[in-house]
Amino acid sequence: MDSKHFPAFYRKHVKKIYRFLYFRVGSNQERAEDLTQDVFLKALNAFDRYDESISESAWIFTIARNHLINDVSKQKKHSSLEEIENIEMDGESWIVKSENADDVRALIKAMDTLKSDEKDLIQRKYIAGWSFKELAEEMKTTSGALRIKATRTMTKLKKEMNKKVNDT
Amino acid sequence: MNRQIKKIFKRISKEADPDPRFVRALELKIREEISPRQPFSMWWKATAISITSISMMTIGAGTFAYSADAVVPGHALYPVRETMENIRVRMTHDDVSRAMVQMQQLKRRLREQQVLEMKQREFPTQHLDRYIRTLDSVIEESDHFSPEARQEIDQHIFEIQNAFSDDARALLRQKQGMIRRRLEQMSPERRQMLRELYEVRLSNPEPIR
């Protein structure tokens, strides 16, 4: 694809990629910015080889995910690949920033009970701002299936949060 | 409840937004990567160099001579600084503004002295004379200023004199070093002759006037 289209591509995806990286580097703004820059510069270099049949989101997300894995493995030399791939979003630092920290903390605790694929879907859909269509292309499934999965996961979350409220 | 959870997610998502300045800066960087500045043609390059050189020699040299720390007494551009300073003094419209400009110039003299000291170079006597003459004339003129203007001038003089005494000490140290170096370079006979002369001088000091 012609690199003249890249600025528009960048504007469309920068927020999603930044948020995705931000929560996976312990809400460290500086590191998230560095990684975002690296990801987009890498994407720019590979843009002429970008196959338009693949969704843009899936393509840039793959670059971001691989770059993050490389970066984390450089920093933690002894981590296993599985450990790196399941890098969780570190909630504590942004809980403090939130105005109503209690409900955010309850939600994060409830999210800990979810399976990793459910958590990933919820994070990417409701925090990073991906559409079901983009997620379906990236996860190689249908948006309908993801919609159902997301609804079920939200119900699960709701139950967990209610349980925690009743416990306290 | 689902709506409430989505609301919390929305808030978290907002807090995790990138800084707009970062987004803009990265976009600029990307645009620069895509279309780097075109190199100049040979003709344009030659013209640009000529224009830049002439500008530097006229405006640039003046500005550089006037403000750069590198321009100290003995520098090729120092006479340009002196001329520009004289012009600035002549352009003032009354005694008070002239005194203020001279105060600024005295502070620059101090700065030059500090630079010379850092470079371990000698402080020219002629430079020191000019410095003292300006200070004296400002003190004399400020006698008939308004109390407010005089207070401001006095404050500057106080700062300059404080710094000046340090400079004078530095000057003395430099002079002692200079004398020692000259003595070392002299032949033993000449050194002996000078020592005898110095002893005669010490035994018959001139009366203090």
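Student: What is the mean pLDDT of chain A?
Tutor: The mean is 80, and 82% of the residues of chain A reach 70 or more.

Student: Which elements of chain A have the lowest and the highest mean pLDDT?
Tutor: Helix α5 of chain A, residues 92-97, has the lowest, at 48. Helix α2 of chain A, residues 29-46, has the highest, at 91.

Student: Where is the pLDDT below 50?
Tutor: Over residues 90-96 of chain A. That stretch still has 14 contacts in the model beyond near neighbours in sequence. Where pLDDT is low, the predicted coordinates should not be read in detail.

Student: Back to α2(A). How many residues does it have?
Tutor: α2(A) has 18 residues. From first C-alpha to last it reaches 26 Å, close to the 26 Å expected.

Student: Which of its residues are buried?
Tutor: In α2(A), the buried ones include Ala32(A), Leu35(A), Val39(A) and Phe40(A). Glu33(A) is buried too. Seen down the axis of α2(A), the buried residues fall within an arc of 165 degrees, so they line one face. On the other side, Glu30(A) and Asn45(A) are exposed.

Student: What do the buried residues of α2(A) pack against?
Tutor: They pack against α1 and α3 of chain A, together with α2 of chain B.

Student: New topic, the contact. How many residues does each chain give?
Tutor: Chain B gives 21 residues and chain A gives 29.

Student: Which helix gives the most on the side of chain B?
Tutor: α1(B), with nine residues. By class, the side of chain B that touches chain A has 12 nonpolar, two polar and seven charged residues.

Conventions
Residues numbered from 1 in each chain as written. Chains lettered and ligands numbered in written order. Predicted model: local features only at pLDDT ≥ 70, side-chain atom pairs only at ≥ 80, totals over all residues. Contact = placed C-beta atoms within 7 Å. Helix = DSSP H or I, 4+ residues; strand = E, 2+ residues; numbered from the N terminus. Nonpolar A, V, L, I, M, F, W, Y, C, P; charged D, E, K, R; others polar. pLDDT = per-residue confidence, 0-100. Expected span 1.5 Å × (residues − 1). Buried ≥ 20, exposed ≤ 12 C-beta atoms within 10 Å, placed from the backbone. Arc of directions from axis to C-beta.
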